[in-house]
Amino acid sequence: MTTQPITGPTPAAALHDDAERMSREEIAALQLTRLRATLRHAYAHVPFYRRRFDAAGVAPDDCRTLADLARFPFTTKADLRENYPYGMFAVPQADVRRIHVSSGTTGLPTVVGYTERDLHTWASLVARCIRGAGGRPGHKVHVAFGYGLFTGGLGVHYGAEHLGCTVVPASGGMTARQVRLIQDLRPEIVMVTPSYMLTLLDEFDRQGVDAAASSLRVGIFGAEPWGEGMRREIEERAGIDAVDIYGLSELMGPGVAGESATTKDGLHIWEDHFRPEIVDPLGERNLPDGTTGELVLTSLTKEAVPIIRYRTRDLTRLLPGTAWPGMRRMERVTGRSDDMIILRGVNVFPTQIEELVLQTPGLSPHFQLVLGRRDRMDHLVVRVEARPDLPTDARAAASARLARAVKDGVGVTVEVTAVDPDTLERSIGKLRRVVDTREH
């Protein structure tokens, strides 16, 4: 979708910093210098990495080319949890200016810290993302990500202020009030999870307000996978440009990669600060650019908690840069290797179901996959919220249409249950997509 531009007369390229203007060759040279420094920093100050490197028979100075990074061991979420709370820190506690903690729903939480320089880097990268989406100094940004230990709210807040924007720190929840604030304070930009944006749009409808007539012109969405179908629905209903932002707390938070509103062709990874790789999701073999696999990221400038070859579990592929030619793009995340469901021999991802839900009249994009057993066989239930205007007696027919679409499009038989709006559990504005109730 193309909306009325909010960028003013200055093109985005004219506002790029020096690193954004670098060629691919210049980026690669900078990466190697920073990678070698990061490996030395991690080895010298994090006992976990010293043990891992020694066990693998590699030392920091063995990294003479970028390809040599593949010789070094991976880092996983389990490693971070096993070193809870401060075992991954590489600086004294007195040098740490902030701590964030991820949710610990499946075990101990992961703890990450930031030096003053780390916080400045984080803010500058989020500012890049907002600028690439069309934001400019003086714009108002309505932040509906959760604030607190979660990196989303504070991460984008400081990035917007770094760019020179005015921030409305709405946080999550109190949806009716958020719609009122958008009408009264007239922000140009909204930053939130895509699923909660749909909740906001439903509230606009309930209040009898045309969301497309609001002041909003750009939506920057992240913290959960979302597909082109959801982008189209948000853009059409809200009258905005919807762009992606990517990040994860283990590496920094939101702002590891951002999408340009002029191209909308995937997320450019800020490769002056992160080195991406694609590996076999079920193994350790590196895959060439253009091949779909698991994204692995190495921090290049983090001081407090350097991260070497972190297995994100996000499935994507690397492509040449477009809006930022020196930075490679990652295709929109199609799912997570740990969210993939193997149902009677068929691989099923939540994003596949999402596309079909969006094509089914009467059903909202808020859904959850519940995997269990029935008659000793794996059985998948798709619980999906009905749209507010769908009559109760029409839910069975809508559920049947979605079940047929999944059978035809994905190749598996599922049970579909349409539930009341706003009944599926949400955490920090996003849904828990997969629930496995089987005994392990």
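Analyst: Phe-53 has 0% relative accessibility and therefore counts as buried (under 20% relative accessible area; exposed is over 50%, partly exposed in between, with a 1.4 Å probe and protein chains only). The model is predicted, so local features need pLDDT of at least 70 and side-chain atom pairs pLDDT 80 or more, while totals for chains, interfaces and linings use all residues. Residues are numbered from 1 along each chain as its sequence is written, and side-chain values use heavy atoms, with hydrogens and water left out.

Tyr-49 is buried as well, at a relative accessible area of 1%. Both Tyr-49 and Phe-53 belong to helix α2 (residues 47-56), where 4 residues, about one turn of the helix, separate them. Helices (H or I, at least four residues) and strands (E, at least two) are DSSP runs, numbered from the N terminus.

The structure holds 8 aromatic pairs. In one of them, the ring centres of Tyr-49 and Phe-53 are 5.8 Å apart and the planes stand at 50 degrees, so this pair is tilted. Rings of Phe, Tyr and Trp (its six-membered ring) pair if their centres lie within 6.5 Å; planes under 30 degrees apart are stacked, over 60 edge-to-face, and the rest tilted. Tyr-49 and Phe-53 also belong to one aromatic cluster with Tyr-43, Phe-48 and Phe-72.

Trp-270 and Trp-324 are both buried. Trp-270 sits in the loop between β9 (267-269) and β10 (274-279), and Trp-324 in the loop between β13 (318-319) and β14 (329-330), so their pair ties together parts 54 residues apart in sequence. The geometry of this pair is edge-to-face, with 5.0 Å from centre to centre and 90 degrees between the planes.

Now the cysteines. There are 0 disulfides (cysteine sulfur atoms within 2.5 Å). For Cys-129, the closest cysteine sulfur is that of Cys-165, 12 Å away and too far for a bond. Cys-129 is buried at a relative accessible area of 3%, and Cys-165 is buried at 8%.

Next, the strands. Of the 8 residues of strand β7 (residues 241-248), 7 are buried, so β7 is largely enclosed by the rest of the structure. Strand β6 (residues 218-221) runs parallel to β7, joined by 4 bridges (pairing needs at least two DSSP bridges). Across these two strands, Phe-221 stands opposite Asp-244. From β6 the chain passes through helix α8 (residues 228-238) to β7 in a right-handed β-α-β crossover (clockwise from first strand over the helix to second, with the strands pointing away from the viewer).

Strand β8 (residues 253-259) is antiparallel to β7, again with 4 bridges. Gly-247 stands opposite Pro-254 in β8, and β7 and β8 make a hairpin with 4 residues between them.

Elsewhere, 4 strands build an open sheet of mixed pairing, in the order β20-β19-β18-β23. Its edge strands, β20 (415-419) and β23 (434-436), each pair on one side only. Within this sheet, β18 (residues 363-374) and β19 (residues 377-386) pair antiparallel over 9 bridges, with Gly-372 partnered by His-379 in β19.
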